[in-house]
Amino acid sequence: MKNPTLVVAGMATLAAGTYAFRLSGQLLRARITFPPRAARLLEAAAVILLAALVATTALTEGHGFSGFARPAGVLVAGVLAWRKAPFLVVVIAAAAVTALLRLAGVP
Amino acid sequence: MRSIWRTLDRRVLADIGLTCLAVFFIGLSYGAIAVSSGFPLWVPAAQSVLVLAGASEFLFVGIVAAGGSPFAAALAGLLVNSRHLPYGLALPPGVTGRRWGRLLGTHVMNDESVVFALAQPDPARKRAAYWACGLGVLACWPGGAVIGGLIGSAVHDTGAFGLDAMFPAVILALIVKDLRDARTLRAALAGAAIALAAAPFLPAGLPVLLALPAVLLLVRESAVTPQADRQPVVAQAGSTP
């Protein structure tokens with residue numbers, strides 16, 4: 001680590017900015033009274049964000065493709081969750097399928 | 001704290017426990033990667049407590065280790081963390097606590113605590129799930145980072161255990177309930193497609209934000225769906241100038 005002072009400043013910026021993001025959405029929400037339908041849309045927006053997060057973390061690594069093992073594990077987890085398998089089974093299956101595929105040489 | 005145990009049923013608590021365990025393991029790899037790329041242990045330790053948002057910390061450490069400026073790394077991390085703003089909008093008021101409690105309640109907002117809160121049916125249980133998961137992550141993420149930093153390269157390769165598949169699987173398992181609604185599913189798929197199409201070209205964090213306009217699919221469709229329970233909404237929308 002070349003310049004500790006700069007790194008600390010960078011860390012402080014990231015920490016403070018992240019806290020500001022966490023706070024500002026709530027303050028907006030408290031300031032404005034949303035009709036029930038708008039509140040449902042806000043919740044749906046969070047679900048859409050989370051779905052996009054699932055897609056990008058499952059399928060991409062940096063700017064490229066993550067390889068087949070990870071999305072295959074997540075796909076199996078998705079099917080199990082859709083069929084109402086217990087949470088524990090869903091999450092362990094994702095890791096197990098991915099690990100086994102990698103063991104078999106799948107990237 | 002005691003009210004959390006009474007409000008949530010054991011199944012939800014077990015799910016939260018497993019999620020925190022997964023966070024702990026990812027924390028191990030974070031600490032190990034940070035230390036083995038040349039950072040002293042206090043960097044991942046302090047960051048895991050003060051930032052408390054995994055993806056942005058990995059990115060920060062990666063950029064600085066590659067010779068990038070810490071401010072560029074902080075900006076990249078902030079882009080990744082900007083999704084916490086819409087999270088705050090989505091959470092019903094009171095979930096993150098009141099007065100002084102909200103200082104901490106705001107800090108423990110993350111993907112996991114938000115998704116567990118959204119999955120609960122009523123305000124009391126939303127609040128309890130949010131806090132149980134948020135505090136669990138606050139303990140497990142820094143704990144994992146410190147232990148990972150101490151044992152170093154021994155845990156470097158979490159890929160071999162498929163641990164990288166656990167985070168998307170946790171989130172997916174918790175939003176499946178919402179995705180059973182066909183319109184939400186369509187909007188979510190559209191959003192995911194936008195994010196994936198943008199991922200090769202845009203910096204991390206931005207693709208996920210670009211998925212947000214997919215919510216417009218729900219606005220438009222709910223205005224034209226001729227369902228009985230939507231009638232008042234249509235009337236309201238029509239009367240707005």
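Visitor: Is Leu18(B) buried, exposed or partly exposed, and why?

Guide: Burial is read here from a neighbour count: 20 or more other C-beta atoms within 10 Å make a residue buried, and 12 or fewer make a residue exposed. In this predicted model, Leu18(B) has 18 other C-beta atoms within 10 Å, so Leu18(B) is partly exposed. Leu18(B) belongs to helix 2 of chain B, which covers residues 10-36.

Visitor: Which residues does Leu18(B) touch, leaving aside those up to four places away in sequence?

Guide: The partners are Phe87(A), Leu88(A) and Val91(A).

Visitor: How should I read the interface between the chains?

Guide: The size of an interface is often given as the accessible area lost when the parts come together. Here we count residues instead: 77 residues of chain B contact 60 residues of chain A. On the chain B side, helix 10 (residues 166-179) gives the most, with 11 residues. By class, that side has 57 nonpolar, 15 polar and five charged residues.

Visitor: What are the domains of chain B, and how many residues does each give to their contact?

Guide: Domain 1 spans 2-179 and domain 2 spans 181-241. Domain 1 of chain B contributes nine residues and domain 2 of chain B contributes 11 residues. On the domain 1 side, helix 5 of chain B has the largest share, three residues. That side comprises six nonpolar, one polar and two charged residues.

Terms used:
Residues are numbered from 1 along each chain as its sequence is written. Chains are lettered from A and ligands numbered from 1 in the order in which they are written. This is a predicted model: local features need pLDDT of at least 70, side-chain atom pairs count only at pLDDT 80 or more; totals for chains, interfaces and linings use all residues. Helices (H or I, at least four residues) and strands (E, at least two) are DSSP runs, numbered from the N terminus. Two residues are in contact if their C-beta atoms, placed from the backbone, lie within 7 Å. Ala, Val, Leu, Ile, Met, Phe, Trp, Tyr, Cys and Pro count as nonpolar, Asp, Glu, Lys and Arg as charged, and the others, Gly among them, as polar. Domain bounds come from an automatic or database domain assignment.
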